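Hi there,

Here is the structure I promised to pass on to you. Have a look at it first, and then read my notes below.

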Amino acid sequence: MKKKYYVLAATMAAMCALSACGKGNSKNTKTTEQATTAQATTEASSTTEAPTTEQATEATEDTKASVSDASVEPVQHSDEYDPVLMEVYNMIQGGINPDNPGGYNYIDAESGIVEVIANADKNEITKSLGYVVQDISGDGVPELLIGKDNEEGKSEIIEAYTFSDGAPVKIFTGTERSSYTWIGDGHFHYNGSGGATDVATGECHLSADGKEIVWDDYYYTSESDSGEVQVLHNTLGEQDNENSENANMTEEEFGKIKNEYNSSKLSWSSIGNVAK
């Protein structure tokens, strides 16, 4: 009997020892797993490095570039120019009086608006003709540009106004033979033609007060005394041989300046929205 008791006691002691050992291993295993997880987390955190100064600078420069390339946000409406816009709208809807084509407050007979309305369908021009009100000159006074995108997809300016002394004041007008196209950054490209040997092209911008055009370059062709076509240059914006210099340019080079230039598109608001 005692022998059986000793055997039973020994067996129970062995089982207890095994049980205690199992608990210790479980605890150690759990601790090891936690340590491994913590180490992996630390390594992952150290792998994700913060942007270097150079990378941060490049990101900033990219942001600056995207902002500087963006067009100036247009003012969708400006009460100061309502009289001009309503006059244009009413001219489109009512047609031009052939007996008095210039009998308006702002749009005169020489205006490109008259030319456009006379040669287009009323519904078509109501949709295609647009306007933009934004500060082109940078003087804090928004200018009014009236125009449309031409067949080449370039934004052509037909009328430009500023606001001075309590009223809209015309800056320039563009026509089929004397056109202004929006380049961007406050500049316009000009193309003019008075005949086969009387062609002009150039670039201009508005004066600081927005009241007149300032010419960066003005090229034009003129027939010399020997009968040859020459290209002259000035910054006056007019054909003045005495105050111009010979550009020493071939007709082909002149043609590239005239036709191959960068342009930007304006975000027109339809003239049809004026009466809404």
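Which residues lie nearest the centre of the largest pocket? They are K148, N150, E151, E156 and E176, and the lining has 24 residues in total. Please keep in mind that this is a predicted model.

The largest pocket holds about 680 Å³ of space. Several elements give two or more residues to its lining, including β2 (143-149), β3 (155-164) and α6 (251-259). The most comes from α5, which supplies three residues. By type, the lining has 10 charged, nine polar and five nonpolar residues.

Next, the aromatic rings. A pair of rings can be described by how far apart the centres are and by the angle of the planes. There are nine aromatic pairs here. In one of them, F172 and F188 sit edge-to-face, with 5.4 Å from centre to centre and 75 degrees between the planes. This pair links distant parts of the chain, as F172 belongs to strand β4 (residues 167-173) and F188 to strand β6 (residues 187-195), 16 residues apart. F172 has a relative accessible area of 6%, so it counts as buried, and F188 is buried too, at 0%.

W215 and Y218 also form an edge-to-face pair, because their planes are at 75 degrees, with ring centres 5.2 Å apart. Both residues are buried: W215 has a relative accessible area of 12% and Y218 one of 5%. Ring pairs join F172, Y180, W182, F188, Y190, W215, Y218 and Y220 into a cluster.

One last thing to find on your screen: K154 lies over the face of Y261, 3.9 Å from the ring centre.

Happy exploring!

Methods
Residues numbered from 1 in each chain as written. Predicted model: local features only at pLDDT ≥ 70, side-chain atom pairs only at ≥ 80, totals over all residues. Heavy atoms only, no water. 1 Å grid on protein atoms, 1.4 Å probe; cavity = no way out; pocket = protein on both sides within 12 Å on 5 of 7 lines; lining within 4 Å. Points joined across faces, edges and corners; volume = space filled by probe spheres on them. Helix = DSSP H or I, 4+ residues; strand = E, 2+ residues; numbered from the N terminus. Nonpolar A, V, L, I, M, F, W, Y, C, P; charged D, E, K, R; others polar. Phe/Tyr/Trp six-rings, centres within 6.5 Å; stacked < 30°, edge-to-face > 60°. Buried < 20%, exposed > 50% of the residue type's maximum accessible area, 1.4 Å probe, protein only. Lys NZ or Arg CZ within 6 Å of the ring centre and 35° of its normal.
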